[in-house]
Amino acid sequence: MGHGSSAHTAPPEARGTLRQRLEGVLREVLKFGAVGGAGVLVNLLVFNLVRHTTDLQVVRASIVATVVSIVFNYVGFRYFTYRDRDKSGRTKEMSLFLLFSAVGLVIENGVLYTATYGFGWDSPLQSNIFKFVGIGVATLFRFWSYRSWVFRALPARDAVARAESFLEHESPTTVPAPGRSR
């Protein structure tokens, strides 16, 4: 088939929908990255502060820092990144967030533990490098789990109902669709 063939070309509305979905995911990734980036700074600042002002061992100082950043990130994700997501099950949301954050904590600090106690890499620079690597690996898991399980999108029927009610309030003179009454 030649270049002019439309056998593999998606209809314009399908391309628009795909583009909208990709733009939505890109916005989500950027917001997640903004909150996560700030959370990384909080994590590393608290880690270094605790490490240099207390006698806690490296991994314990890291766990304290990770817990502080988990609290910081929850607030950022709930009220910035995923503020438009379903808010009906806050207890379930918080429980899942803490569960997946705990798994992320184990991943993040497992990398640091392995570097520190498995390979003896314990200088401040090495600790910060492996703390950062651990955060990166755990972030991949957290993005997937938060997006898939914690901050779930509203079901399509709820989103449509909200959009319809918004439109009805905006233009009260519109004629209802066939089969629908006001």
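This is a predicted model: local features need pLDDT of at least 70, side-chain atom pairs count only at pLDDT 80 or more; totals for chains, interfaces and linings use all residues.
**Asn-43 side chain.** I then found a polar contact of 3.3 Å between the side chains of Asn-43 and Ser-69.

**Where does Asn-43 sit?** I placed Asn-43 in helix α1, which covers residues 12-53. Is Asn-43 buried or exposed? I noted a relative accessible area of 2%, and because that is under 20%, Asn-43 counts as buried. Leaving out residues up to four places away in sequence, I listed what Asn-43 touches: Ser-62, Ala-65, Thr-66, Ser-69, Glu-108, Lys-131 and Ile-135.

**Helices α2 and α3.** Next I looked at how α2 (residues 58-81) packs with α3 (residues 90-118). I read an angle of about 145°, with the axes 10 Å apart. The crossing of α2 past α3 is right-handed. On the α2 side, I noted that the contact residues include Val-59, Ile-63, Val-67, Ile-70 and Phe-77. On the α3 side, Met-94, Phe-97, Leu-105 and Leu-112 are among them. I also spotted Ser-62, Thr-66 and Glu-108 in this contact, and these three are among the residues that Asn-43 touches. How do the residues of the contact divide? I have 14 nonpolar, six polar and four charged.

**Ser-95.** Last, I checked Ser-95, which lies in helix α3. Ser-95 is partly exposed, at 44% relative accessibility.

Note on methods. Residues are numbered from 1 along each chain as its sequence is written. Side-chain values use heavy atoms; hydrogens and water are left out. Axes are lines fitted to C-alpha atoms, for helices over the stretch in contact, and angles run from 0 to 180 degrees between N-to-C directions. Helices (H or I, at least four residues) and strands (E, at least two) are DSSP runs, numbered from the N terminus. A crossing is left-handed if the near helix is turned anticlockwise from the far one by less than a right angle, and right-handed if clockwise. Contact means heavy atoms within 4.5 Å. Ala, Val, Leu, Ile, Met, Phe, Trp, Tyr, Cys and Pro count as nonpolar, Asp, Glu, Lys and Arg as charged, and the others, Gly among them, as polar. Buried means under 20% relative accessible area, exposed over 50%, partly exposed in between (1.4 Å probe, protein chains only). A polar contact is a pair of N or O atoms within 3.5 Å; within protein, one must be able to donate a hydrogen and the other to accept it, and residues adjacent in sequence count only if both atoms are side-chain atoms.
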